[in-house]
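Subject: Structure for your review

Dear colleague,

Please find below the structure that I am handing over to you.

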Amino acid sequence: MSDQPRVQPEVAEDGVSRRSTGERFKRFAIRYGFLIVMAILMIVFGMVNPVFWNPANLFSILLGATVYGILALGVTFPLVIDGLDLSIGSVAALSVMISAYLMVVLEVNGFVTILIALFLGAFIGFINGVLIVRVKIPDLLATLGMMFLVQGLQLIPSGGRSIGRGAVLSGGVTARGQFADYFLFLGQGRIFGIVPTAVMIMIIVAILVFVTLSLTRWGRVFYAIGSNSEAARLVGAKVDQYRLAAYVVSGTIAALGGIVLAARVGRGDVQSGGTLLLDSIGSALIGFAVLGVRKPNPFGTIVGAVFISMLLNGLTMMNMPYYVQDFVKGVVLVSALAFTFGLSKAKA
Amino acid sequence: MSESRPVIEVRDIGKSFGATRALDGVSVEFYPGEILAMVGANGAGKSTLIKIICGYHADHEGTIVVGGQEVRFHSPKHAYDAGIATVHQIINQGVVQSMSVYENLTLAELLGPGQKPFYDKRMLRQRAAEVAATIGLSVDLDEPVSDLSQSERQMIAIARALASQPKLLILDEPTSSLSDKEADRLFEVLERLRKTGVSILYVSHRLHEISRIADRVVVIRDGKLAGVLSRPFEVKQVVTAMVGELPKHAHVASRGADRSGDQVQLELRDLVVEPGGPAVNLTVRKGEVLGLTGLIGAGKSELAQVLFGMRPPVSGEILINGRSVRPKSIGDAIRKGVFYVPEDRANNAVIPMFTVRQNMTAPFLRVFQRFGAIMNVSAEQQRAREMIRSMGVKCESEEAEMDSLSGGNQQKVIVARWLLEQYELVILDEPFQGVDIRSRHDIGVYLRENIADRAAIVIATDLDEVIEVADRIVVMNAGRIRGEQDYRNLDRDQLLHWVSEEPEEVTTEEVSV
């Protein structure tokens, strides 16, 4: 009996029912609905104001998404293992302040600065991971605590002041260093004079994250842990190590986002953390809806980040006042999630 | 007792979850002043029946009759109002730990609808004292529940359940986290309650408790009523109904060769699993399927956990193929060729977000990687398709989602996961739980046809399931190997005797082949 192939498509007796037209439409809507809405919006914006389609504007949309897009790609890792990292915004802000402090005040070489900033991000991620995996603090609380801690920490070296060239420090000393040119190139330059370097960095990070999560063995283990960690443990996965790694990756990538931000503004601005946390987590969550996968995924994350930026860009061209931005983001997030989860719940 | 009318009666209760038939045509009567015990293996359908009686599953088949009137519970509250109170297995879900004893005893007054926004503390304490008195509970009413012992918490949960003056009190595994002394106290309380005329449904897998306190025993097996026993009954009768009669002749392909001459594949030498526990000696020969049986708590799963590197042994040696191995972790056990299909598929095995293919290859991702760690999906698909074909998994394709498969087919996928690669020893822990007969047969046949010169251990409480696949049956009781039999010379009474002996009686090992 066992050597007979029994694989038949759409066997009704197994509960694998034949699909009706309505159901097929629903599947299509869940899968491509978000991308279609995005395409329609782009067309509408372009029709209302043709400037929207200018390559310069399209690049500025991408550029607007870079910093929180990079952070969102990083936080995708904790989301995949069914965790969350609320400290990414303040890690990025710390990275901005450390970069400025090292180069402008301590006159450290730019390359070393980048390494130190990245290391610091990784280290904070590691502490997050230890608190969550070893000390067993719930992820939300551990990273919320870390968020406050880092937010406070970044103000200490400069005594709460922003750091720019020639800034006067708390001791009355004037800072004499400056940002290295190649450091600034990361945020302000363009490759071949066309593609902004920051956009390029985001694309490279996106590709790396996509390859890791979607194509490698490691990615498979991350997803297995997020879906059923006990089952993952019982197939031999080193669950604790992977969970720890997710926070290290998230912290490191957040630090990279901070470096790009520092390079863009060219100074250590104490306000720079701002809305980074919510924008990036929002992007990653919108990513659940892209292609209707209902789980964190790098492609969705990047689309989510670009979508937010595009929407803000388009609406600003239509004279939307700046203060409704957050409201718009919230509406997008809630409707995207309601759409995906609401429609697919009926399936089960 | 049977002269009186039942307070509650369930008739022809049935319930399916997707393609799985959890309960089928079960009828039970509950009489006042009676302790009715319910037993059954894991996954037999006990909890489904309880949930139906307490109103969690409104969409069941069959009818529930309360006091002569047919009712259909549409919510747990509805069932509670009709006089059905339940104390659930996990005690700490039944009490609010951060609250004091009196607050816990008066939760209904505190949280119920139609209460005043401010509560009268003195009145509540008085009410709590009344409730506590009904079962002779003597703890400080102001003490926080988090400071109490397990049995005191249990008593609070029971007292609160009784405060509503239920017709039927359901106790789900009430002694599972109690010490013997605490359990004795519980039994005294139950004896007293019986006299007050409450009907008690007592669910437990500890058969010796049941023989002590129950008036009747209902046995559930594979979702069906396997028997109702009235006093006086013997533990052995209960076990028989629970684990099944021996089949006339279970015929499985290629079984039958005498393996006593074959070489030893697995040997356990004086392996001590629990501190202070007995030493286990066991051999499994090459090409042999060993059936390991015994009641819940007999030590079967604990032994498997040691072999799979989930807990270190206290002492003793594990030899595979003559070489001593001591798996330090699950990953280490897998590398050494010890594979384990855990019990409780939904919680321990299925990765719900993964496709059939991804579920199958989960332990052996390294086998399918190339260029570093990139997964070779087409190789995975090919291997998954082979397994789907040879095990007869019914699914749309290897890319189907797990939840589109029936329980039996999900189990085939999980077993296939561990037969994908070369094992030295594969352990299947309750592999037939919630699995239809067809899938059960397919899994058994595949296991046997592909065993070659390696070894397999199939753990199951149900004797039928073990006898169907095993060459040799080993019975565990109280952590000990109690005895073993070859499948060709099965002595049913002897097996049942070993399974059902009281733990204190289990002393020496008897072998009858």
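This is a predicted model: local features need pLDDT of at least 70, side-chain atom pairs count only at pLDDT 80 or more; totals for chains, interfaces and linings use all residues.

Residues are numbered from 1 along each chain as its sequence is written, chains are lettered from A and ligands numbered from 1 in the order in which they are written, and side-chain values use heavy atoms, with hydrogens and water left out.

Interface. In chain B, 42 residues are in contact (heavy atoms within 4.5 Å) with 32 residues of chain A. Together the two chains bury about 3,200 Å², of which 57% lies on carbon and sulfur atoms; buried area is the accessible area (1.4 Å probe) that two parts lose on being put together, summed over both. Of the area that chain B buries against chain A, 20% comes from Met353(B), Lys394(B) and Glu396(B), more than from any other three residues.

Sheet. Chain B has an open sheet of six strands in the order S6-S7-S8-S3-S9-S10, with mixed pairing. Strands (E, at least two residues) and helices (H or I, at least four) are DSSP runs, numbered from the N terminus, and two strands pair if DSSP finds at least two bridges between them. Strands S6 (84-87) and S10 (224-230) of chain B each have a single partner strand, so one side of each is left without a neighbour in the sheet. From one strand to the next, the twist averages 20°. S6(B) pairs with S7(B) (residues 168-172) in the parallel sense over four bridges, and Val87(B) stands opposite Leu171(B) in S7(B).

Helix pairs. In chain B, the axes of H15 (residues 407-419) and H16 (residues 437-449) come within 9 Å and cross at roughly 15°. Axes are lines fitted to C-alpha atoms, for helices over the stretch in contact, and angles run from 0 to 180 degrees between N-to-C directions. H15(B) and H16(B) are therefore roughly parallel (an angle under 35 degrees) to each other.

In chain A, H7 (residues 197-215) and H8 (residues 217-227) pack at about 70°, with their axes 5 Å apart. This makes H7(A) roughly perpendicular (65 to 115 degrees) to H8(A). Thr212(A), Leu213(A) and Leu215(A) of H7(A) meet residues of H8(A) that include Trp218(A) and Phe222(A).

Yours sincerely

Notes: Angles under 35 degrees count as roughly parallel, over 145 as roughly antiparallel, 65 to 115 as roughly perpendicular and the rest as oblique.
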